[in-house]
Amino acid sequence: MAKVELVMPKMGESIMEATILSWLKKEGEEIEQDESVLEVATDKVDTEVPTTHGGILTEILAKEGDVIPVGQPIAIITTEAEESVGSNGAPTITREEPVPEPKPELVTVESENAAAATKLEKPIGGRFYSPLVLNISRQENIPMAELETVPGTGKEGRVTKKDILAYVKQRSGAPVIETAPEPAPRPAVESVSKPVAEAVQAPPKQVSSAPIQTSSAEVITSAGDEIIEMDRMRKMIAERMVVSKHTSPHVTSVVEADVTNIVNWRNKVKKEFEARENEKLTFTPIFMEAVIHAIKDYPMINVSVDGDNIVRHRDINIGMAVALPAGNLIVPVVHNADQYNLTGLAKKVNDLAIRARDNKLVPDELAGGTFTISNVGSFGNLMGTPIIMQPQVAIMALGAIVKKPAVIETPQGDAIGIRHKMYLSHSYDHRVVDGALGGLMVRKVADYLESFDVERVL
């Protein structure tokens, strides 16, 4: 017999600790490898932790409600492996260390929010709240006294993420009480949170050494106007978009691609593909594959800026913007996208999109992107000028596919025909990506799409 320490695993780039919500197994119970043994909560997500070894759960080292740093032992498992003996003759306990991750080159916006979430006042009645619930409460300006009144459906009445989000939705949908008919006030509507508003500066009208101030324009309200408070995700999106535009000087290059071959090929194989793989074949994985090929041709588009350094990423991790039912956008990431064939990309894209809409993604699936695509064509848009996902330096918008008359070159001469065309819009950070690189890269994507093999077999 050998004893192995189960440690708190790392569950995201900016997550350094987690709160134990409940143990799914008791001391003395037999567990299998990869079986979930406890449920934990971070400031981003509640999730279950699987065991790294099979055996007997000999000892639980951390109680429910404890906040445990990443890498700290939380339990001891007795396995069937042969026990090793130390120099003093005592049996040794093996620690299953978490896989070390490279030092993050860039700081994410969420780290500051996560730290601030712990600054809420203590529960009045001793009720337990996960960091995720506390973070949402802070974002929605819900005081502890009000949070205590939220009904919980979790263990021992614990407020789950679903409970707090449902309460926030109900709370934000409450009717607005109008005041007496006096001259309407002119409240200043803040579009970003205070920390971001202080950091983001508006461009000056003229060159000056004086500090730049943010705009102080007032919003004039009239009788009958509805004031809608941003939800937590919308606030976060607003912050990131403002920070991105402030950080990166955006330039956009646009090309038009003839995707007739792709449209005809997909129409020919999509039913057979769905019957065989039980998956739909959309255009997104096909376009993503072309982007991956172009990134390999122009690797300096797959970079990030870290101060005065340029970090060229080895891995190609493609983010894809997904519209949520509530109207917000989320960007799950296909990690090591160049390691998938087209069938694999189709399955991965479908899986991430479905789980994104069902709010079932884990933190790591939203982190680590090195390039992003946004399919604005799914909304009927011909093109767009997307905003870069920091700390990336480029993003590509895929426009709608439309039929157009076009000149077709044939051995017998030029002719007019109906072709399927689409626009590709490539926004890039002009600090490190010049017009030549940004333009050539998007042109290369179009070249790959136009040269698609109509005889390709999946």
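Let me start with K404: at 22% relative accessibility, K404 counts as partly exposed. Partly exposed sits between buried, under 20% relative accessible area, and exposed, over 50%, with a 1.4 Å probe and protein chains only.

Some ground rules. This is a predicted model, where local features need pLDDT of at least 70 and side-chain atom pairs count only at pLDDT 80 or more, while totals for chains, interfaces and linings use all residues. Residues are numbered from 1 along each chain as its sequence is written, and side-chain values use heavy atoms, leaving out hydrogens and water.

Back to K404. What does its side chain meet in a salt bridge? The side chain of E256, at 2.7 Å, N to O. E256 is in strand β10, residues 250-258, and K404 is in strand β19, residues 402-410, so the pair ties together parts 148 residues apart in sequence. E256 is partly exposed too, at 28%.

A quick word on terms. A salt bridge here is a side-chain nitrogen of Lys or Arg within 4 Å of a carboxyl oxygen of Asp or Glu. Side chains of opposite charge can pair when their charged atoms come close. Helices (H or I, at least four residues) and strands (E, at least two) are DSSP runs, numbered from the N terminus.

How many salt bridges does a search of the whole structure find? It finds 16. Here are some others.

K347 pairs with E277, with the closest N and O atoms 2.8 Å apart. K347 belongs to helix α9, residues 342-357, and E277 to helix α7, residues 260-277, so this pair ties together parts 70 residues apart in sequence. K347 is partly exposed, at 34% relative accessible area.

R443 and E450 also meet, at 3.3 Å, N to O. R443 has a relative accessible area of 29%, and E450 has 31%. Then there is a network: salt bridges link K25, E29 and E35.

Next, helix α8, residues 284-297. Its 14 residues should span 20 Å at 1.5 Å a residue, and the end C-alpha atoms are 20 Å apart, which agrees. The expected span is 1.5 Å times one less than the number of residues. Is α8 largely enclosed or open? Enclosed: eleven of its 14 residues are buried, so the rest of the structure largely encloses it. Among those buried are F287, M288 and E289.

Last, the surface. V254, L382 and M383 form a nonpolar patch there, with about 250 Å² of accessible area together. Patch residues have over 30% relative accessible area and no salt bridge; like charges are joined within 9 Å, nonpolar side chains (Val, Leu, Ile, Met, Phe, Trp, Tyr) within 5 Å. Areas come from the Shrake-Rupley method with a 1.4 Å probe; for residues, only the protein chains shown count as cover. M383 sits in the loop between β17 (371-374) and β18 (394-398), partly exposed at 40%.
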